[in-house]
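These notebook entries record what I looked up in one structure, entry by entry. The sequence and the structure come first.

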Amino acid sequence: MSGVLIGVGVGPGAPDLMTLRAVNTLRAADVIAIPRRSVYDESLAWRIAKENVGEVPGQERLFLTFPMTKDPERLRPAWEEAYAQLAPRLAAGKKVAFITEGDPLVYSTFIYLLAEVPQRFPGTRTEVVPAVSSITAVPAAVQVPVADGQERIAVLPATYGVEDLTRVLRDFDTVLLMKVSSVMPQVVEALEREGLLERAVYVSRASTGQEKVVRDLRSIRNDKCDYFSMVMVAKKDRSGVLAGRFAQAAEVAR
């Protein structure tokens, strides 16, 4: 008997931004798999979800620890332990919901698990419950449109892409830089070089009670910023069809 593995996105931080489908899926699961950074960490994803899920009789809460590192030698044992914990539950035909911050398919731990399913858990059915992600929560916080008309968008994790940042800023109209915590000086430098510092805004913990918005990035260029942060750069004024027509009408009216 094969089980079901479901990646469930719980949103960017505010519990009331969880979808109804996410809540219902978690309440119906036999097991909620909860990733955390250490045995001392409550898990942000679970902190978001637990109030909505509540107590479900007979439901198991399975905590899985994944250290915050890029070192494969540290990550590999953690993943092997996670596979060992999930395997018997899926083999027993249980419905396992793996929760993630944001969306399960956007820079999420679940992506690695999903890729291993055919080999590690043959016969297991997989499902994904999408969610509001920081890619939309941050623009909502500052009320800046992501794209309009023919504008192009780029999303990249700043910690991996600082070397490419200048090229990306030149090639795209809106740039969303995720995880800027450790590279803010380099980000500010690149924005200054391209003359885009005034077009950039910093947001951390979007949608939560700890949300912080900074429009002058110079004031935080040397700060150790929050891990859950993003810089949004919107280069152009709106360039959609309607915007163009409104501009033409205003010119004629003059």
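**Entry 1. The cover of helix α5**

I began with what covers the buried residues of α5, and found that the cover includes β6 (153-157), β7 (174-178), β8 (200-204), β9 (212-214) and β10 (229-234). The helix itself spans residues 134-142, and its buried residues are I135, A137, V138, P139 and V142. I take buried to mean under 20% relative accessible area, exposed over 50%, and partly exposed in between (1.4 Å probe, protein chains only). Helices (H or I, at least four residues) and strands (E, at least two) are DSSP runs, numbered from the N terminus. An α-helix has 3.6 residues a turn, so residues three or four places apart point the same way. Just after α5, I noted that Q143 has a positive phi of about 55°.

I must record that this is a predicted model, in which local features need pLDDT of at least 70 and side-chain atom pairs count only at pLDDT 80 or more, while totals for chains, interfaces and linings use all residues. Residues are numbered from 1 along each chain as its sequence is written, and side-chain values use heavy atoms, with hydrogens and water left out.

I next looked up S133, which sits in the loop between β5 and α5. Is S133 buried or exposed? S133 counts as buried because its relative accessible area is 10%. Not counting residues up to four places away in sequence, S133 touches P12, G102 and D103; contact here means heavy atoms within 4.5 Å.

**Entry 2. Two domains**

The domain assignment gives domain 1 (4-129) and domain 2 (134-234); such bounds come from an automatic or database domain assignment. I found their C-alpha centres 28 Å apart. Ten residues of domain 1 are in contact with 15 residues of domain 2. Between them the domains bury about 940 Å², 66% of it on carbon and sulfur atoms. Buried area is the accessible area (1.4 Å probe) that two parts lose on being put together, summed over both. I counted zero salt bridges between domain 1 and domain 2; a salt bridge is a side-chain nitrogen of Lys or Arg within 4 Å of a carboxyl oxygen of Asp or Glu.

**Entry 3. Salt bridges**

By this rule the count comes to 15 salt bridges.

- R125 and E127 form a salt bridge, with their closest N and O atoms 3.0 Å apart. R125 is partly exposed because its relative accessibility is 47%, and E127 is partly exposed at 34%.
- R170 and E194 form another, also with the closest N and O atoms 3.0 Å apart. This pair links distant parts of the chain, 24 residues apart: R170 is in helix α7 (residues 165-171), and E194 is in the loop between α8 (184-193) and β8. R170 is exposed at 55%, whereas E194 is partly exposed at 21%.
- E192 and R221 meet in a salt bridge at 3.2 Å, N to O. They too link distant parts of the chain, 29 residues apart, with E192 in helix α8 and R221 in the loop between β9 and β10.

I also noted that E192 and R221 belong to a network of salt bridges with E198, D216 and R218.

**Entry 4. A buried valine**

I then turned to V96, which lies in strand β4 (residues 95-100). V96 counts as buried because its relative accessible area is 0%. Leaving aside neighbours within four places in sequence, V96 is in contact with V4, L5, I6, V31, A33, L86, R89 and L90. From V96 to V8 I found 88 residues in sequence and 10.0 Å in space, C-alpha to C-alpha.

**Entry 5. The whole chain**

The chain has nine helices and ten strands. Its C-alpha atoms fill a box of roughly 70 × 40 × 35 Å, taken along the principal axes. What share of the 254 residues is buried? Buried residues make up 43% of them. Among contacts between residues at least 6 apart in sequence, 71% join residues at least 24 apart.
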